Amino acid sequence: MRIIDIIEKKRDGYELTEDEISFFVKGAADNSLPDYQLSALLMAIYINGMTDIELDILTDEMARSGDMKKWEMIEGRTCDKHSTGGVGDKTTLIVVPIVASLGGKVVKMSGRGLGHTGGTVDKLESIKGFSTMLSADQLLENVNRIGAVMIGQSGNLAPADKRLYSIRDVTGTVSSIPLIASSIMSKKLASGSDCIVLDVKCGSGAFMKTPEKANALAEKMVRIGRNAGRRMSAVISNMDIPLGYAVGNNSEVIESVNILTGKQKGDLYDLCIELAAHMLMLSFDKPLDECRDNARKAIEDGKAFKKLKEIVSAQSGDISCLDDTSKFGRAKYVHEIRSFHSGYIYSMNCEGIGSASVILGAGRSRINMPIDHSAGIILCKKTGDHVDIGDVIAELHTNDRKSIGDAEKVFMDGIVISNEKPVSRPLIYNIIE
């Protein structure tokens, strides 16, 4: 079998066989195929798409290109959640303890941030001492005893996807529904959880810019998971506005604590309740409304916050900073962005806000680039809010004074202020069960 024949076949719009897809994925995983030929095939897939049969085969082959986790030693159904990426998205830090406090078994493997989207591992590591690496025995013991772990992804989890994604990132083939679906679901299937809830973002801060495209992606991923024997649910959520008010690692942990201790509500709270409810529904076969009520009660009675501290302590983190968030490091410089106009904030470019936080040091533009956990952005106003001249729209936090000017420009380039109040858009566009 020759890769050139496979490239030409997909270039001409024909369906690939299982053997051809297997050959392609194996060549990506073991480096027997060069980048330029993988790039050519990825572009052919980007242009011509894939059938559902092709997509199922591709996802399964990518999942099996590395370790396939199995959790038979964990009591009860294991559950997991995945977000397709967003700005200010710290839902894992809130949802996981809610679900675990209600008896769920959560094995949450997360990644680091890259580009304008933050990473859960980076947020967790802003808690002093917190370890995102556990032995297999420790993982099993923690989940059975506490109900959850929050760890980094295994180095050998879907290695074919790791290589293919790095190529897609530099060849203009990222925003392909079959390639996104197979990338996400190969890692989720390899992670081994029985129940998977997907938070599929749409809007200016997401890969999928419209609800229609986000819905199409979610439907593909739910179908892939169900065909692989997993219990699936997907929530299509709005990423035209940053989630919550904090963008940056320390500040997002603090905001998560505020949600779990009942000090803050709003869009972040509402989405976390919805995601937690779906995880509980899949885990225990209870009605969704009952699961929502239970999730709210877990916050109200303090069970969820107590569970967060248990998880953090079991992974060597300093829980004193959760009880007293003033212990988190603060950036040396805080710069206020003030409005030059009166009116309503008509729109915010989420990707621009995320990019501004990267400039300040909160994220990375290259893999393995160091980050500043104290850097970031605190939003004081969001889309739909009224501002007067001189009102503070946001605070920029950084230890690099020279970054402030560039970050402010990128931030303000994405802010539109109008005399007209924008039409309110839903937080959740659709649910696929």
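I began with Thr-92, whose side chain makes a polar contact of 3.0 Å with the side chain of Lys-81. A polar contact here is a pair of N or O atoms within 3.5 Å; within protein, one must be able to donate a hydrogen and the other to accept it, and residues adjacent in sequence count only if both atoms are side-chain atoms. I note that the model is predicted: local features need pLDDT of at least 70 and side-chain atom pairs pLDDT 80 or more, while totals for chains, interfaces and linings use all residues. Numbering starts from 1 along each chain as its sequence is written, and side-chain values use heavy atoms, with hydrogens and water left out.

**Entry on Thr-92.** I placed Thr-92 in helix α5, residues 91-101. Helices (H or I, at least four residues) and strands (E, at least two) are DSSP runs numbered from the N terminus. Thr-92 counts as buried because its relative accessibility is 3%; buried means under 20% relative accessible area, exposed over 50% and partly exposed in between, with a 1.4 Å probe and protein chains only. Beyond its neighbours within four places in sequence, I found Thr-92 in contact (heavy atoms within 4.5 Å) with Lys-81, Pro-97, Lys-108, Thr-120 and Met-150.

**Entry on β1.** I then asked how many of the residues of β1 are buried. Six of its six residues are. Thr-78, Asp-80 and His-82 lie on one side, with Cys-79, Lys-81 and Ser-83 on the other.

I looked up the partners of β1 next; strands pair if DSSP finds at least two bridges between them. β1 (residues 78-83) and β4 (residues 195-202) are parallel and share five bridges, and Asp-80 has Ile-196 of β4 as its bridge partner. β1 and β2 also run parallel, joined by two bridges, with Cys-79 opposite Val-106 in β2.

**Entry on the sheet.** I recorded an open sheet of six strands with mixed pairing, in the order β3-β2-β1-β4-β5-β13. β3 (148-152) and β13 (428-432) are at the edges with a single partner strand each, so one side of each has no neighbour in the sheet. The twist averages 15° from one strand to the next. Helix α9 (residues 177-191) lies across β1, β2, β4 and β5, at about 160° to β1. Axes are lines fitted to C-alpha atoms, for helices over the stretch in contact, and angles run from 0 to 180 degrees between N-to-C directions.
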